[in-house]
Amino acid sequence: MKFLKFNAGGKNFAKFITFILVIFGVFFVLIFFGPLREGFLIGPTGVPSTFYNATRASNPDIVITNISFPPEIRAGVQQTINVTVNVTNGNGSAGLGSWNVNVTLFKSVSAWPNITKLQSFNASTLDYPEGIVVADIDNDGDNDIVTGTNDKQFLAYYNPGHLNIDQWQVSNRTHQNYVDTVSAGDLDGDGDTDIAAGVTQGVGGTFRVAIYNNTGDNFSQWPSNNITIEKDAYGLAIADMDNDGDLDIIAGLGGGTADRISIFNNTGILNISQWPTSNVSTANLLFALAVADMDNDGDNDVVAGLGNAGDRVSIYNNTGSLAIAQWPTSNRTVKDDIETLAIGDLNNDGYNDIVAGNDFFVVSVYQNPGHTGISQWTEYNVSTSSTVYSVAIADLDNDGDNDVIAGLAGGTGGNISIYNNTGTTLNISLWPVYNVTTADDARSLAVADVDRDGDNEIVAGIHSPQLSLYNNSDLTSTYLDSAVQTFTNVSNSQKTYFLNWTPNSNDTGGFTISAVADLAAKYAEIIENNNYLVGSAFVNSTPTIFVMTANNTTFTTSTPSIQLNFTDTKKSTGRATLYVNGTNRSFNGNVSNNTATNLTSSSLDNGNYNYWINITTELENKSLAYDFVISVPPTSSEAGSGGGSATIQRIPKTFNLSVNINSITEEVGVGDKILVYFSETENDTILIKSTALGKVTVEITSTPLIVDLAIGEQTYIDVNEDGVNDLRILVSKFTGAATVGMTVEKLRLGTKPPPKVEAPLVEVPMPAQEAPAPPPKPAPQKVEKPLLSKTMITIAIALAAIIAIVSLLFYRSRSKETENYPVEEEQNQEGSL
């Protein structure tokens, strides 16, 4: 009986010990093989295996051949990115010796859709481009540009893989005709893109619609055929109008009385003069034309913009027959001549909406409710500064909804405006707007992905005349890591670099990787990718934020108030934070759902600012970034007796880079000083003299030396003239109207790190004159991570100790019970007798 009683307790104890060992074993496996070994898994990389060339020299000797990312990116854990670089002596010269190649990894944040912060490329033309189409006409995977000018030029720009359009190969098809409109499509079904154009011989000349058949040769050699028409082809489109599988041509003939719309029905033979034609007369002058399925019945309808006292937008509803004169027509009266049209779904309801620009300085959005009766559609308008010559619809910020781009006329210069779709309303007047001034009227627009990086660029025809390409790219880049390796055989050799980066829990953005040779004749290749994702808090997730304060607003108070509204389907309240230039300026912890709320910033000086708003309920949500200006009117004492104006003056600051500090990064302005101490007795002073005209002028007072630096540029300074650089100065960005972010690093003490250069903004070979290069850093050795980190070992030991203590206490408790058992058993036996 004693044995059986004690054995029962022993079984319980064994079960308990087994349970504890199972828990410990699971934890041990997670430490060795699971996510606890490397930190919490936040999300996949989202980085595709292919990177595309964003910028490169015309004949680069350095090529990045492969980039390898971890299969998953974990927050708080160092990630290693492998970059393979191949060096080839492209010019065939001998005896160049060793090359030190610096590969740098940057994290980039997109500035889009703020077009004012984007890099643009221009190509001069003899006269202004009238029509632009972007398409791959040589089947190399890159979108090319075809445009006609008002000087009888018909130009094809062949994309070589970079965005500097002035260096692209151009094929000029010079003829005796002016090119008014251009469209592109595969008209003969042979797999390549053909071109259709509306051309005229000028005043009193013949009007034609011409087809240029892509034979795979140079554009200037393509055969063409044409058909004579009665008027200028003010609008031209290529689409399948009869659902027979081939593309037809639709032309809007305008410029006088008896204007018309003509459909040229493709018979399968690429000779437009033999194609059947159907026509319909318009009520007034025709200025614009677009084609799309407006009622989701499976066939394409025609939309026309009319003017000259009968201003209207008309929809011709395709009944399935090409007899357009018999199609039902609906009209919407407007205020002035319709100059341009674009069609696209702006609210993601599955129906195509219409955007129109007119002479009345208005961009209009017409919301399609699901039928073609446009007179019953809801209309939204936004005023512009001048006539709207061109509009386009495309998703520019990859947020899933289409934005609107408008090209405007101007007196001394034109304008391109981007209306950023908020996704919450089609009232375009409430959308943030970004503007860039152009050299002249922005007559024509096209939007497409020109550099194969997954986002859309803008191509504009400017009246100055020139062709402009705006790169939808990552503008703001942050240094992550760099490495230098020496190539002793520059004829053909390859090395792999290991670049490290530790993301935080809400990291998103893109990468830029550059490879630069430290030689007098430098070549570089820069590769961009805009698609990695880390973190559980994403932009544009529920709840939604609607900022009601108009963009580009000028505040006449140094404490501006920003109004917002947020909507959340799960919470009645949230917490809102206003950030101005990245700094938390105001917080409200009890923002009511669907109620306008004001967040007021603390005191600000005169200048240009950028703000966004964070809403936090179950998820963090960040609004888009907006710009505003502080312009505080002067008081009477500030203005003085002579009138005029006065601004708030900035008080100069002094920063110390003491002996035991190697580098500092500060926001500096005119008059500020940075005192650099190399020792207790040796110091130098950096004086900020100017931050105007896009550059920063600094003076090293002890040398003395004056240096001009552009944004993103750095320089090396030898202050004691011993032939070794002592300082590195980097200007990263403008942080205000007259302030910049500046990094000053001492190089004399310790081992000099590789230069943390900002991402190159140009794509031409770097200039020959350059400050002495830093000593090469040996190729980093890939260090194997220990099987267990110190933290994991500590946790494991602590857990084992807890298990041991609990087991001991339990065992002692059971032992005491067994010691008392004989007495209890004897008493029970006596009682039974």
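Hi everyone, a definition to begin: Ala, Val, Leu, Ile, Met, Phe, Trp, Tyr, Cys and Pro count as nonpolar, Asp, Glu, Lys and Arg as charged, and the others, Gly among them, as polar. What we have here is a predicted model, where local features need pLDDT of at least 70, side-chain atom pairs count only at pLDDT 80 or more, and totals for chains, interfaces and linings use all residues. Residues are numbered from 1 along each chain as its sequence is written, and side-chain values use heavy atoms, leaving out hydrogens and water.

The protein has four helices and 56 strands; these are DSSP runs (helices H or I, at least four residues; strands E, at least two), numbered from the N terminus. Of its 833 residues, 49% count as buried, that is, under 20% relative accessible area with a 1.4 Å probe, protein chains only.

Now, what is the makeup of the lining of the second largest pocket? Its residues divide into 28 nonpolar, seven polar and five charged. A pocket, on a 1 Å grid over the protein atoms alone, is an open set of points where a 1.4 Å probe fits, with protein on both sides within 12 Å along at least five of seven lines; lining residues have an atom within 4 Å of a point. The strand β16 gives the most to this lining, seven residues.

Let's move to the largest nonpolar core, with 22 residues. Such a core is a set of buried Ala, Val, Leu, Ile, Met, Phe, Trp, Tyr and Cys residues joined through side-chain atoms within 4.5 Å. Ile-674 and Leu-727 are among those with the most contacts inside the core, contact meaning heavy atoms within 4.5 Å.

Key: Buried < 20%, exposed > 50% of the residue type's maximum accessible area, 1.4 Å probe, protein only.
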